[in-house]
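Subject: The structure I promised you

Hi,

Here is the structure I said I would pass on. Have it open while you read, and then go through my notes below.

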Amino acid sequence: MLGAQVSGDRVNFSVWAPKAKRVVLQLNSEQIEMTRSNDGIFRTEAAASAGDSYSYVVDDSKPLPDPVSRLLPEGVHGPTEIVNPDTFQWSDEKWRGVAYSDYVLYELHVGTFTPKGTFDGVIGKLPYLKELGVTAIELMPVAAFPGRWNWGYDGVSPYAVFAGYGGPEGLKRLVNAAHALGLAVVLDVVYNHLGAEGNYLGMFGPYFTKQHTTPWGDAVNFDDANSRPVRDYVVENALYWLREYHIDGFRLDAVQQIKDDSREHIVAELTRKAKEYGASVGRVVTVIAEDDRNIASILAPVEEGGWGIDGIWSDDFHHSLYTLLTGEKRGYYQDFGRLEQVAKALNEGFVFQGEYFKFWEAPRGTSANGVPLSAHIICIENHDQVGNRAWGERLTELTPVQARRLAAALLLLAPHTPLIFMGQEHDQRNRFQFFTDYGDPALQEAVRKGRREEFRQFGFKDIPDPQDPATFERSKLDWQLTAGQQAMLQWYKWLLVLRKAFITNSQRSGAARAKQPLLEAVFGDAKAPVKLRVMFPASSSETPGAHETDFAFNLVEPWQCTPGEVA
């Protein structure tokens with residue numbers, strides 16, 4: 001691995017800069033000329049230790065942080081701090097991971113999950129998550145980003161753990177503590193772009209290419225000239241999280257924007273090597289991806305031309321149910337709103353399998369044949385569906401309590417793989433909004449203007465300012481729960497007890513039938529099924545909660561069970 005590697009009282013430094021004529025290491029107050037090899041890597045060795053600071057001067061550039069920084073204590077523009085990864089005392093040597101078939105994911109943002117906003121804050125809530133019944137926590141990106149707070153998708157240093165969360169040691173403490181309680185840790189990683197502030201990779205080498213474009217500009221260079229070292233940089237990053245942090249798996253952000261025409265797609269290569277590493281150390285490694293195209297082939301094994309990933313964020317269940325519960329028809333919701341779409345999502349995963357998608361003005365999706373329902377990761381809330389709303393409202397504000405109870409039952413008892421967004425399980429009242437803390441004034445104004453223009457077309461005004469610290473503070477969970485919130489939390493716990501007893505180890509099949517206004521669903525094995533019967537309102541409405549009195553559902557089976565009988 002490149003970067004700074006500690007060896008006794010010496011440190012080996014190496015950085016890939018193929019177009020540079022000269023690279024100088026600035027180590028504390030010392031300047032050391034580095035030696036270039038034919039592969040474009042500059043190397044040197046020096047007396048140094050963990051805690052020392054360094055940066056690189058590439059030709060005539062200003063001092064730059066290492067592309068393989070483990071820690072940036074002064075932020076993304078400051079020097080890299082040397083970290084010795086071997087000093088942490090792990091106690092999870094017997095940990096073998098959690099099988100994907102057992103996954104119940106809990107997505108959280110470290111900075112807003114607890115008042116502390118740190119990894120140690122999350123550790124304090126691990127017993128709560130264990131008692132809830134989830135089996136894996138999914139951390140929104142923790143790689144270093146500009147400023148004090150961010151969702152994490154503007155990260156610019158893929159190897160550096162954000163110092164404000166607790167840095168490398170804090171993340172290791174969190175993973176170690178989670179494993180002690182039997183919880184897996186999945187890390188959200190971003191390989192489709194880097195953020196706009198503090199992105200210095202292009203000053204070192206051809207990390208980006210104009211051969212492809214993305215919503216963020218030039219694509220990461222996975223298939224153009226000199227792309228092999230870039231591919232190695234990304235694959236090694238995944239292995240680094242597995243090796244140094246004992247991470248159990250990855251959620252790959254927006255893989256439809258990872259542009260790669262290579263014979264082996266970078267996602268397939270990363271997945272293959274990550275699973276090979278897991279096999280070599282006797283640990284389960286899981287790879288899931290976000291992709292809104294509804295393409296079944298990427299879930300196929302590598303030998304069948306797929307990417308070999310375990311699961312995919314499958315949005316159609318959310319959109320189908322959400323539109324029925326809220327009556328909303330803006331944006332991509334315009335293509336949903338029919339009860340039979342909920343049934344199709346429950347039966348097949350994808351609702352759109354090649355049909356015309358009005359929001360895209362083009363067909364969307366492929367047949368879902370051959371894709372197990374467990375490969376579809378479904379939700380009723382996630383950071384996108386809440387935070388990318390103009391004001392970040394949750395279902396708590398948008399739907400009546402009985403609708404939320406039903407949504408939870410369909411989510412957690414379906415044969416798919418469920419994901420809970422932090423606070424959803426206790427009817428969290430605080431909104432989750434879009435927040436940033438850019439230092440560049442031009443970028444500050446650009447993000448404000450972009451949010452205003454994005455939502456103006458939908459008639460929204462007074463959009464929260466992403467740069468206002470109050471926007472971040474408003475997004476923190478409120479852990480002072482009311483009696484009503486406690487009741488919803490108990491409902492989630494009970495549903496997860498049922499799931500473990502009747503769904504997790506079943507054939508993971510489902511049969512749903514819809515005939516307006518009735519939806520009937522049967523999940524699990526024939527000998528011990530879970531049956532739900534739902535009576536939806538006869539028509540939708542633009543007024544959230546308008547049909548509260550018309551809405552009803554019941555858990556037909558196993559009606560006779562008590563928590564003690566199925567625990």
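This is a predicted model: local features need pLDDT of at least 70, side-chain atom pairs count only at pLDDT 80 or more; totals for chains, interfaces and linings use all residues.

With 18 residues, α4 reaches 25 Å from its first C-alpha to its last, close to the 26 Å expected. Most of this helix is covered, with 13 of its 18 residues buried.

Now look at the charged side chains on α4. R228 makes a salt bridge with E269, and their closest N and O atoms are 2.6 Å apart. R228 belongs to helix α4 and E269 to helix α5 (residues 266-281), so this pair ties together parts that are 41 residues apart in sequence. Are the two partners buried or exposed? R228 is partly exposed, at a relative accessible area of 38%, whereas E269 is buried, at 2%.

R231 does something along those lines with D260: a salt bridge whose closest N and O atoms are 2.8 Å apart. Here R231 is in helix α4 and D260 is in the loop between β16 and α5, so the pair ties together parts that are 29 residues apart in sequence. R231 counts as buried at 5% relative accessibility, and D260 is buried too, with a relative accessible area of 9%.

Step back and you'll see a network of salt bridges linking R228, R231, D232, D260, E269 and K273. For the whole structure, the count comes to 38 salt bridges.

**Strand β13, an enclosed strand**

Next, find strand β13, residues 184-189. Why can we call β13 largely enclosed by the rest of the structure? Because 6 of its 6 residues are buried. In a regular strand, side chains alternate between the two faces of the sheet. You can follow this along β13: A184, V186 and D188 point one way, while V185, L187 and V189 point the other way, and all are buried.

Which strands does β13 pair with? One is β10 (residues 136-139), which runs parallel to β13 and is joined to it by 4 bridges. Within that pairing, L139 stands opposite L187. Another is β16 (residues 249-252), also paired with β13 in the parallel sense over 4 bridges. There, D188 stands opposite R251.

Stay with D188 and R251 for a moment. Their side chains meet in a salt bridge, at 3.1 Å from N to O. D188 is in strand β13 and R251 in strand β16, so the pair ties together parts that are 63 residues apart in sequence. Both D188 and R251 are buried. R251 has one more contact to show you: its charged end sits over the ring of W313, 4.1 Å from the ring centre.

**A sheet that stays open**

Elsewhere, 4 strands form an open sheet in the order β1-β2-β6-β5, with antiparallel pairing. Its edge strands are β1 (3-7) and β5 (35-36), each pairing on one side only. β5 is joined to β6 (residues 41-47) by 2 bridges, and the bridge partner of R36 in β6 is F42.

**Aromatic rings**

We describe a pair of aromatic rings by the distance of the centres and the angle of the planes. How many aromatic pairs does the structure hold? The count is 34. One of them is Y100 with Y103, a tilted pair at 5.6 Å centre to centre with 50 degrees between the planes. Y100 and Y103 are both buried. Y106 and F113 form an edge-to-face pair, 5.9 Å centre to centre and 70 degrees between the planes. Y106 is buried at a relative accessible area of 0%, and F113 is buried at 0% as well.

There is also a cluster, in which ring pairs link W16, Y159, Y207, Y233, Y240, W241 and Y245.

**Helix α10**

α10 is mostly covered, with 10 of its 13 residues buried, among them A403, R404 and L406. Look at R405 as well: its charged end sits over the ring of W491, 4.1 Å from the ring centre.

Definitions and conventions
Residues are numbered from 1 along each chain as its sequence is written. Side-chain values use heavy atoms; hydrogens and water are left out. Buried means under 20% relative accessible area, exposed over 50%, partly exposed in between (1.4 Å probe, protein chains only). Two strands pair if DSSP finds at least two bridges between them. Rings of Phe, Tyr and Trp (its six-membered ring) pair if their centres lie within 6.5 Å; planes under 30 degrees apart count as stacked, over 60 as edge-to-face and the rest as tilted. A charge sits over a ring if NZ of Lys or CZ of Arg is within 6 Å of the ring centre and within 35 degrees of the ring normal. The expected span of a helix is 1.5 Å times one less than its number of residues. A salt bridge is a side-chain nitrogen of Lys or Arg within 4 Å of a carboxyl oxygen of Asp or Glu.
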